[in-house]
Amino acid sequence: LGLLKAKNKQTLEAVRNAILDDRDPRLRTAAARAASEIGDPYLVSYVKKAYERHIQGRAELIVHLKYSKNQETVDFLIGRCARDDRADVRTSAIHTLKLLSDEDYDAIEDWESWWSIAKHRPDWVQVESVDAQGAKKK
């Protein structure tokens, strides 16, 4: 899946379904990586669904949001830093925020302060995300 570059409907559907797979966290992670490489606009929505459904593999799954530069992604990652009980998930969320933003904070308070300012910058405001039903969100 990781080398797959096709962006046709069947490929995207198969990758999205794999992100939600109930049995294999490695498949979910590989599918999230493939969706990220393809540039799937639904990636954030599917990763969020998989995160909610499955505890195993969360830390590995969310790192593939590193190219999904939009407000929904940052809100989700900061929320994981603040509310997730697992240290590996919090560490992964911070690592992904660093890759996504090119900032270098370790404390959640610093990320929240940065985001309170950055979310109003044009390079973050102009990017839309798409929910699982296909509606564009800002």
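Trainee: Which exposed residues does the face of H7 turned away from its buried side carry?

Mentor: That face carries Glu109 and Ile117. Keep in mind that this is a predicted model.

Trainee: What makes one side of H7 the buried side?

Mentor: The buried residues of this helix are Ile108, Trp111, Trp114, Trp115 and Ala118. Around the axis they span an arc of only 125°, so they lie on the same side of H7.

Trainee: Why is Trp111 called buried?

Mentor: Buried means under 20% relative accessible area. Trp111 has a relative accessible area of 0%, so the residue counts as buried. Trp114 is buried as well.

Trainee: What makes the pair of Tyr105 and Trp111 edge-to-face?

Mentor: Ring centres must lie within 6.5 Å to pair, and planes over 60 degrees apart count as edge-to-face. For Tyr105 and Trp111 the centres are 5.2 Å apart and the planes stand at 90°.

Trainee: Why are Trp111 and Trp114 separated by about one helical turn?

Mentor: The two are three residues apart in helix H7, which means about one turn. In general, an α-helix has 3.6 residues a turn, so residues three or four places apart point the same way.

Trainee: How many aromatic pairs are found in the whole structure?

Mentor: The search finds four. Ring pairs join Tyr105, Trp111, Trp114 and Trp115 into a cluster.

Trainee: Which residues have the most contacts inside the largest nonpolar core?

Mentor: They are Ile19, Ile62, Val74 and Leu77, in a core of 37 residues. At least two core residues come from each of H1, H2, H3, H4, H5, H6 and H7. H3 gives the most, with six residues. Val74 is in contact with Leu97, Leu100, Trp114, Trp115 and Trp124, neighbours within four places in sequence being left aside.

Trainee: Why does Ser92 count as buried?

Mentor: Its relative accessibility is 9%, and the limit is under 20%, so Ser92 is buried. Ser92 is found in helix H6. Not counting residues up to four places away in sequence, Ser92 touches Ala59, Ile62 and Val63. The buried residues of H6 also include Val89, Ala93, Ile94 and Thr96.

Trainee: How do you know that the span of H6 is close to the expected one?

Mentor: H6 has 15 residues, and 1.5 Å a residue gives an expected 21 Å. From its first C-alpha to its last, H6 reaches 21 Å.

Trainee: What elements does the protein have, and what share of its residues is buried?

Mentor: The protein has eight helices and two strands. Buried residues make up 48% of its 138 residues.

How values were computed
Residues are numbered from 1 along each chain as its sequence is written. This is a predicted model: local features need pLDDT of at least 70, side-chain atom pairs count only at pLDDT 80 or more; totals for chains, interfaces and linings use all residues. Side-chain values use heavy atoms; hydrogens and water are left out. A nonpolar core is a set of buried Ala, Val, Leu, Ile, Met, Phe, Trp, Tyr and Cys residues joined through side-chain atoms within 4.5 Å. Buried means under 20% relative accessible area, exposed over 50%, partly exposed in between (1.4 Å probe, protein chains only). Helices (H or I, at least four residues) and strands (E, at least two) are DSSP runs, numbered from the N terminus. Contact means heavy atoms within 4.5 Å. The expected span of a helix is 1.5 Å times one less than its number of residues. The arc is that of the directions from the helix axis to the C-beta atoms. Rings of Phe, Tyr and Trp (its six-membered ring) pair if their centres lie within 6.5 Å; planes under 30 degrees apart count as stacked, over 60 as edge-to-face and the rest as tilted.
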